[in-house]
Amino acid sequence: MTVDHNLKRRPVVLLVEDNSSDVQLIEIALSRTPGDIALVRVEDGDKAVEYLTGTAPFHDREKYPLPTTMLLDIKLPKRSGFEVLQWLRSQSGPIRRLPVMMLTSSKHRVDVNGAFERGANAYFAKPESMKELITILGDFKSFWLQRLEFPDLVPGVFLPPRPR
Amino acid sequence: MPPLEPTCKSGIGTLQGMRAHPFGHQPQTEDVFRRLVESIRDYAIFLLTPEGNVASWNPGAERIKQYQAHEIIGKHFSIFYPPQDLAAGKPNMELRVAAEVGRFEDEGWRIRKDGSRFWANVIISAVRDDDGTLIGFGKITRDITDRREAELRYRLLIDGVTDYAIYSLDANGNITSWNSGAQRIKGYTNEEIIGQHFSRFYTQQDTDAGLPARVLEAAAIAGHYEGEGWRVRKDGTKFWSSVVVTPLRDEAGELVGFSKITRDVTDRKLLLDTVQQHAEELELRIAEREQTNAELEAFSYSVSHDLRAPLRAIEGFTDIVLTDFGAQLPTPAVEYLRHILQATGRMNSLVRDLLSYSRMSRLEINSEPVQVGKVIRDACAELDEAMRSKVAVSADPSLCVCAHSVTLAQILFNLINNGLKFYPPDESPHVDVNARREGGTIVISVRDEGIGIAPQHQERIFQVFERLHTADSYPGTGIGLAIVKRGIARMGGTVRVESAPGKGSTFYLSLPAA
C-alpha cells in the first residue's frame, strides 16, 4: 500500500473549460482565496477523458496527477460536459467515483437537472461578477476541498485520513 | 251441345253440357263442387255465356260486387266495367282473347252495384265442350284494392323521396326502376334511363377500372355494399355520392337484382375536404411553430451561454485591473473603469430580462387553480428584505385564481418592484397589493403613491425597451412591464393602469377566478 503524499500536500483540481478568459479569471479567483491547490486544465471533453484514463501525454502522473475533483463545464468542444459525466460514471474502475462539480454559464433547469441525473455532485452557475466568482471559489476551497471526505480513485492507493 | 244459358233457378247456374269437367261425370261430385264454389267468399266465381251474360253467381261475387244472383244473372258482364273501359271496348276484347288463347288475366278498376270502385284481379277462362265448341267463360275476380293501395303508398313513398336516388337493377346491372330523387340527383328521366346499365353513372376512370362490376359483386357476396365516390350526372357534372347497394333475392335465394340508394353528399364532402385541409394546414403551422420554438429555445440558450461569456471577461478583467492596479491609475481612468463595470452590469440585466421575456412568450403555460395570497407571498419573497416591509398585502386567503403560479409571481414581482422604484428620491416608497373577486374575475391591484405616469405614456410603458426615465434616475431595462403584459395575456388575463403624474399608479390584473 502506498500513500500519495502529493495529494496529502495539496488537492489537485481538474478544470475542463474551453474559454481561456474564464480559465484566467478562475485562476485569479482561486489565487485570491486561502488554501493551496494544484489546478490542471484541459480545454475539451475528449481531453478530459484522456486525462482521466492516462492516455498520452497524460500518462505521466508526476506531471498530470490524478485529480481529487473535477470542475466541468457543459458546453465544450468535442465531447460535451454531459458526455464526459456519462463516460465517467459508466467506468468500471474506481475512477467512476471522482467527485464532479459543474461550473457553467447555464442556469437552465434542463442543464441543472440533466447534470445531477448524470451523476454530478454539485452545480455552480458562473456568476456575472468577479467578486461573486471569488466568493464561490473561496467557498469551494474552504468547504468542498477542506471539509469533505474523498473517495479512493486508484486501486490499492488510499488517501490518508484527513487530519482533524 | 247447346251453349250455356243463364238460369235463374239458383245462385249457381246449372252447368249443363259441361260434362268435360272431371267432376261432371257424377252428380254427387258435381254437388260437392257446387257447394265448394258456393262456400267461397273471397273470390267472385261465376260463369258467362259466350256472349258475356252472367250465367251463375256465388256468395263471393255477391259480397264483392254487391249484386244478388237474381239481380245480375242474365245481365251482360260489362256492367262491372268503368265507362272508359267500356268506351275502349275492353269487356269484349277480354272475351275474345280468352276465347282465342284460353285465358285472360287482368288487373283494373271494376264497379260495384253502388257505383263504388274496387281494384280487381280478374281471370277469364274459356270453357269448351268435348268438341271444342265454346260454351262460355269462367270468371274469377278478386278484390285486391288493399294490396294495390299498399303498393301504391309504397311507390309514392319511394317516389316522394327526393333527397335519395332510389332505384333498382336487374341481376346484370340494368336499371329497372327509378324514383324522383334519382331523377333530381342524376338528371335522367324514367324513360331515358330504364333499361340502361348503371355503369353510366361512374366516371370513365372508375368504369375502366371495373368498379361497377366490383360493386355488384361485393354486394352479392356480402349482402350489402356501402361506398362513396365521384359519380357523373346526365349533364356531365360530377357529384360525390354515398351509395348503399343491397342484393335482391327471390324465395329460392336466386339473385334477381339489386336495390341502390344514392345520396348526393357533395356539400359534405367539400366541407370535410376543407376541414381536412385546414387541419393539415394547422398541423403544419403547429409543427412550424414547434420548430420555431425549438429554434428560439436554442437561440436563447446560446445567448445565455455565449453572449454572457465575453461580458464575464470584460467585467472580470476590469474588476481585476481596478483591484490590483487602481492605486496606480489616474483618477479619471479609475472612473472610466467603473463605468465599464456598470455597463456590464446593465448588459447582464438586459440579457437576463430579454431571456425572461422570450421565455414568457415561448414556454408552455398551464393555468391551474392558484391561491392568490400564496402567489403574492411568493412574489414578495423575491424582494430585498428591506423592501419587503414596505409592501402591504390585503387578499382574502380563500381567493383562487386560474393562473400559472410562477408566471403570476413574476408578474406581481415586476409590478411591486416598479411600484417601490418609481418614487421621488426623498420619499419612502410603499406599495399596497389587493385582491378581490368581481363576478367570475379576480382583480389584483398593485398601488403606489409614487411619481405616476402621464396619460399619453400609459400605453407605451408596456412595450419592450420603453423607458420614461433615464437609467440613472430610475434603473431598469425597460422590459419589466412588457413581461407583465405578455405573461398575463398568455394566461388569458388583462392588465391596465390608472395613474396621474404625482398621484401614483395602480396596476390592475384581471384573471379568471378558479
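The model is predicted, so local features need pLDDT of at least 70 and side-chain atom pairs count only at pLDDT 80 or more, while totals for chains, interfaces and linings use all residues. Residues are numbered from 1 along each chain as its sequence is written, chains are lettered from A, and side-chain values use heavy atoms, without hydrogens and water.

**Interface between chains A and B**

- In the interface, 20 residues of chain A are in contact with 19 residues of chain B, where contact means heavy atoms within 4.5 Å.
- About 1700 Å² is buried between chain A and chain B, 48% of it on carbon and sulfur atoms; buried area is the accessible area (1.4 Å probe) that two parts lose on being put together, summed over both.
- A:Lys75, A:His108 and A:Glu128 supply 35% of the area that chain A buries against chain B, more than any other three residues.
- Four salt bridges are counted between chain A and chain B, a salt bridge being a side-chain nitrogen of Lys or Arg within 4 Å of a carboxyl oxygen of Asp or Glu.
- One salt bridge joins A:Asp22 to B:Arg312, at 2.6 Å from N to O.

**Salt bridges within chain B**

- Over all chains the count is 34 salt bridges.
- B:Arg110 pairs with B:Glu94, their closest N and O atoms being 3.6 Å apart; B:Arg110 lies in strand E2 and B:Glu94 in helix H5 of chain B, 16 residues apart.
- B:Arg110 has a relative accessible area of 0% and is therefore buried, and B:Glu94 is also buried at 0%; buried means under 20% relative accessible area, exposed over 50%, and partly exposed in between (1.4 Å probe, protein chains only).
- B:Asp143 and B:Arg112 form a salt bridge at 3.4 Å, N to O; B:Asp143 is partly exposed at 32%, and B:Arg112 is buried at 17%.

**Helix packing**

- Helices (H or I, at least four residues) and strands (E, at least two) are DSSP runs, numbered from the N terminus.
- The axes of H15 (residues 405-421) and H16 (residues 480-490) of chain B come within 9 Å and cross at roughly 145°; axes are lines fitted to C-alpha atoms, for helices over the stretch in contact, and angles run from 0 to 180 degrees between N-to-C directions.
- Residues in this contact include B:Ile411 and B:Leu415 of H15(B) and B:Val484 and B:Ile488 of H16(B).
- In helix H4 (residues 81-89) of chain A, the buried residues include A:Phe82, A:Leu85 and A:Trp87, and their cover includes helices H3 and H5 and strands E4 and E5 of chain A.
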